[in-house]
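Please open the model in your viewer and keep the selection tool at hand. The tour below goes from stop to stop, saying at each one what to select next and what is there.

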Amino acid sequence: MKGLHRLWSGLLIAGALTGCATQPLTTGALEPAPPAPAVESPAPGGINIPIEYYRLDNGLKVVLTRDPSAPTVTVGVYYHIGFRIEPRGRTGFAHLFEHLMFQGSANLGKMEFIRLVEGNGGVVNGSTRFDYTNYFQIVPAHTLETVLWAEADRMKGLAITQENLVNQQEVVKNEVRDNVLNQPYGGFPWLSMPQLANENWYNAHNFYGELADIDAATLEDARAFFETYYRPNNAVLVVAGDFDPAQARVWIEKYFAAIPPRAHPPHPDLAEPVQRRNKQHSYVDRLAPRPGLAVAWQVPERGTPEHYAFGLLDQILLQGEDSALWQKLVQQRGYASSVGGGINLLGNQFNYDGPMLWTLYLVHDPHVSADAILADVDAEIARLRNSPPTAPELARALTKIRAGLYELAGSSTRFGLVDLLGAFALFDDDPALVNRIEAGFRAVTPAMVSDVARRYLRDDNRSVLIVEPGRSAAGAEP
Amino acid sequence: MKRILVLALAFAMLPAAADTRELPPASGEPREFSLPVKETVQLANGLSVTFVDYGTVPMVTVLAVVRTGNIDESESTWLADVAVEMLKEGTVIRSAADIARVAADMGGSLSVGAGAEQTSVGISVLSEHAAAAAEIVADVLRHPRFPEAELPRVLANLERSLAVARSEPDSIAGEALAKLVYGDHPFGRVLPAPGLLATYDIGAVRDFYDENFGARRTRIYVAGRYDRAALEAALGRAFGDWRAGVEPTVLPPKASETLQLQLIDRPGAPQSTVRLAVPVPHPAHELYFPTTLTNSLLGGTFGSRITSNIREDKGYSYSPDSSISARRGTALWVMQAEITAEHTAAAMTEIYREIERLQREPPSTQELDAIKAYRAGLFVIGNSSPNGVMGQLAFMDLHGLREEFLTHWIANMYAVTPAQVTDIAQHFIRPEGMTVVVVGDLKQIGDNVRALPELQGARMP
C-alpha cells in the first residue's frame, strides 16, 4: 500500500537511510537511498558547485567540493570497473567482488570497516553499476580522516580468506534470490532487457550472475581482479561536505600517495553493432500475476549534443505524470497505474560509459494486448518524429531538469552529487561538467529533439520484452 | 535556536589489540550541530503551519499531512487509498492532466498518498512558485471533483496492485502478520479481500472524504528557501477558511502478546520469508529511547548482532533487518529476513539465540557506545534536510511528541545504560509473546520450523 510511510519514509528519522533492500547490486543490509534515476539540470542561475580537481602522482583522481550546510562529509571511491566488463565465465563477479571489499584489508578485519564507520556515526555502502563500482560513506565531519585512512587501507590490498569468500558467495546468492528468483517480475526489465537488446556479450550477459558462476569464483580470481582494476590510477576519490580542503589534501596525500599505480587494465570493446531489426522476446514468469511489457531503444553516444537532445525527449515522453506517455498510457487509456523507465535504469543519463538503452516498462491487465500498448507508444513517438516539441513542452522539460539539478545539489546526503562528480571524473576527466549539464540541455533546439526521435526511436532500433504471467490473474494465494 | 552538540566517539571500534596492525587515526573535534530554525503559526481556522528555514538551493516543499488513512476505513479496506488516489483525478477547476502539467511547470510533481494514520499531499517546487504550490495543494485537498468516470480506472489499478502484492512474499507475509497481530482492527486488514474493491462507488469515496478531511486533522509543513511573508499569505488564503471537520480518530489497536505461528506455503521458493513481531514501547512511552537503541544493537544496523551472525558469519540471508513499526499509541518490534530455504530453521534459531543472549547479559559499554554514536550520526543526517525535518515533524505530531523529543533526543539517547538494554530485551522482546509468520516451501521447511523449541505451544490459526 502506498502512503505516508512509503512516499515520505526516507524522510522519517528512524527510517532515514535504511530500507531500500531491493535496490539491486548493493552490498548493504541497510542502504542509503540510491541517487534518483534520470536526475538532471539548471540555466542562467542554475547550480554552481565549487570543485577542486587534481591528481596524485600515482594517478588517483581527487574531487573536493565544500558544502558546510550540514556538519557531515560524504566520501565516495569510484573504481572504473563495472559489471559489464567482468570476465567471461564469471558473470556476477564484479558485484561479488564489491562484497569482498568489506571482508577485510591489512589493518581492518572482517566487519571492522563497517563497525568503524557506524561506530563513528556514519552510514556505509557500495554498489556495482555498468561501468563503475563505488564505495561510499556519510560521516560526521570530524571523522573524515578516519574514513580516508580506511578507504586507503582497502585500496592497498585485501586480506580475505576462503571462508570470507564462501560467506559472501552465499550472501550474494541470497541477494539474487531476494531480488530476482523469489519475486514476481524479478529483474524485469533492468536485468532482462540488456540481454535481449544488446549483441555484444559485455553488454548482454547476466550482470547479477548465474548462481553457478558465483559459486565458481576463487580467491585467485579475486586476487587477479583486484590487481587488474583496483588501482589508484583507475579510481576517483570524491569528498563532499563540511571540511577544510587544504587539510583534506594533506590527509589524502598521506594515506593514498604511497599506493603504487599499475599498468592500465585492458578495456574491452563495448561497441554495439547498429541495430537493424526489431527484436521481440517473451518469457513466462511463474510468479507474475499479470503481463509485463518493456520497450527499449539504443540511445545516442553519451555526452554528444544528440545525447542531450535525447534527454529532453525522455523528459517530454516519459518523466513525470505530465509526460506524454504517462498521460496516454496511464491517464487516458488506463493500461497501468504507472509507466516507468528512462536512460540507464540503474542510474541516470550521465553515470555510465558505453552503449545504453532508453527503456520504458509497465505491468498491465491480460485483456489489453501488448500490440495495443505499442500502437499508443508509437503514436506518441510519431508526434515528436513528425513535429518538434512545442515551446511550452520544451520549457517544461527544462524546468524539470533544473529542479532535478537543484535537488541533486541541495541533498544533504550528497550521494547524487558525489555520484555525478565521480562519474564525470572517471569517464570524462572533468568533474566540473556537473555545472554545465543544464547548459548542455539548453543548447538543444526543438528541431534537434525531433531529429533524435527520428534517428533513434526507429522501429528497427527497438526491442520489445514481454512477461507472460505464470499465475492465474485471479492469483489466489493459499 | 537550540544548539545540540553531538558527541561522536573517536574510533569506537579498534582492531584487536596486540597485533602489528595500524590503528585508525583519531577523529577531530565534533562540530556543533544546530537543529534547523522553525516556527509554527495558526491560520484563522486554527490550522497549524510550521515553517522550516533550511537548504542551500532555491527549492521549497509544501506538505499537508491529514490525520486520516486506513484507520478510518472500518471494514472497507483500501477505501482510503481509493479516495486519496481520486484526489488527483481533478478539482473543480483542474483536470488530472492540468494538475500534472501545472506541477511540472513549477519544477515539481504532486505526491499524494494514504497511509495507516496519515495522508499526505505535497509538492517540491522552484522557490519562485512557492505561493502557487500552496494553492495547488489546497485545491487538491479542498476541492476534489471525484469524477465518476475515472473511478473504474483507479479501481482497476488498485486491483492490479493487489494481484501483484499477493504474489510477493513480502506482502503475503506482511498481510498475515498484521492480521495475527492486530486482529479485527483496521490495521489488521492490510489487503482487501477478493471482490471488495469492486464494491466501492463514487458515493463511498465522497463520503470517506467528507467524513475524514478537514482543518482540524491537518497540519502543513513548509521547508526550504522561500519568501516567508508571501507564502504565509498564500497559505492563509488557500487554507484559512477550510471547514474544521472532526478531530482525528482515536482507535488504538491492541497488539497480540500471545505466541502465534502461521506457515504459508510457497511451493518451490528458494528462500523463506520470515517475520517475527512483538509489542514494544511506542515513541511517546518513557522507555522508547532504550527500546530504539536495543533494536539498533540487536538487528537494526549493518553491524548489529543478528546481521553479523546470520549474514556475515553464516551467509543465510542478504538483508536481515529489525525495526520498530510505530502506530499512535502502540509499536511493534519486527524482525524480517529472507533466508535460504534449507537454512530457515537454523537461521531462526540464531535469531532467537541473539535475543536470548541479550536478555542474559548486558552489552559492553563499548558496543552500546558505538550504537549511540551511530544513532547520533543518523540524527544529524536526518535533521540536515528539509524533507528529513518535515518527516520528523509529522512523526512527532502523529505520536503527540513535544519539541523536547527533538531537543533532548541526543541527551536521552546517551543516557541509556547497558542494563536498560537488557531490561528491554527481557521485558518486551520476548520470544514467548511473538507472532511468527514464515512464507516458504513448506514441504522443505515446515517440519523443521514447527519443531523449533521457541514455537512449541504456539497458537496456529
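Begin by selecting Val368(A), which touches Tyr335(A) and Ile373(A) when residues up to four places away in sequence are not counted; here two residues are in contact if their C-beta atoms, placed from the backbone, lie within 7 Å. Between Val368(A) and Tyr335(A) there are 33 residues in sequence, yet in space they are 7.3 Å apart, C-alpha to C-alpha. Val368(A) sits in the loop between strand 10 and helix 13 of chain A, where helices (H or I, at least four residues) and strands (E, at least two) are DSSP runs, numbered from the N terminus. Is Val368(A) buried or exposed, or does it count as partly exposed? It counts as partly exposed because it has 16 C-beta neighbours inside 10 Å; a residue is buried if 20 or more other C-beta atoms lie within 10 Å of its own, exposed if 12 or fewer, and partly exposed in between, with the C-beta atoms placed from the backbone.

Before going on, please note that this is a predicted model, in which local features need pLDDT of at least 70 and side-chain atom pairs count only at pLDDT 80 or more, while totals for chains, interfaces and linings use all residues. Residues are numbered from 1 along each chain as its sequence is written, and chains are lettered from A and ligands numbered from 1 in the order in which they are written.

**The sheet beside this loop's elements**

Next, select helix 13 (residues 370–386) of chain A, which lies across strand 8 and strand 11 (462–469) of chain A and runs at about 40° to strand 8 of chain A; axes are lines fitted to C-alpha atoms, for helices over the stretch in contact, and angles run from 0 to 180 degrees between N-to-C directions. Now show the open sheet of five strands in chain A, whose order is 7-11-8-10-9, with mixed pairing; two strands pair if DSSP finds at least two bridges between them. At its edges, each pairing on one side only, are strand 7 (279–285) and strand 9 (340–343) of chain A. From one strand to the next, the twist averages 10°. Within this sheet, strand 8 (residues 292–298) and strand 10 (residues 357–363) of chain A pair in the antiparallel sense over seven bridges, and Ala296(A) stands opposite Thr359(A) in strand 10 of chain A.

**The two domains of chain A**

Colour chain A by its domains, domain 1 (19–256) and domain 2 (279–469), the bounds of which come from an automatic or database domain assignment. Their C-alpha centres lie 25 Å apart, and the contact takes 51 residues from domain 1 of chain A and 60 residues from domain 2 of chain A. On the side of domain 1 of chain A that touches domain 2 of chain A, the elements that give two or more residues include strand 2 (61–66), strand 3 (72–79) and strand 5 (133–140) of chain A.

Select Phe188(A) and Pro189(A), which are joined by a cis peptide bond with omega about -10°; Pro189(A) lies in the loop between helix 5 (162–181) and helix 6 of chain A. Then move to Met111(A), whose phi is near 70°, a positive value in a residue other than glycine, and which is found in the loop between helix 2 (93–100) and helix 3 (112–119) of chain A. Met111(A) is partly exposed, with 19 other C-beta atoms within 10 Å.

**Over to chain B**

Which residue of chain B has a phi near 75°? Select Trp78(B), where this positive value occurs in a residue other than glycine; Trp78(B) lies in the loop between strand 5 and helix 1 (79–87) of chain B and is buried, with 24 other C-beta atoms within 10 Å.

Select domain 1 (38–239) and domain 2 (260–455) of chain B, whose C-alpha centres lie 30 Å apart. Their contact takes 23 residues from domain 1 of chain B and 22 residues from domain 2 of chain B.

**Where the chains meet**

Finally, show both chains together: their contact takes 95 residues from chain B and 89 residues from chain A. Helix 11 (residues 365–382) of chain B gives the largest share of the side of chain B that touches chain A, ten residues.
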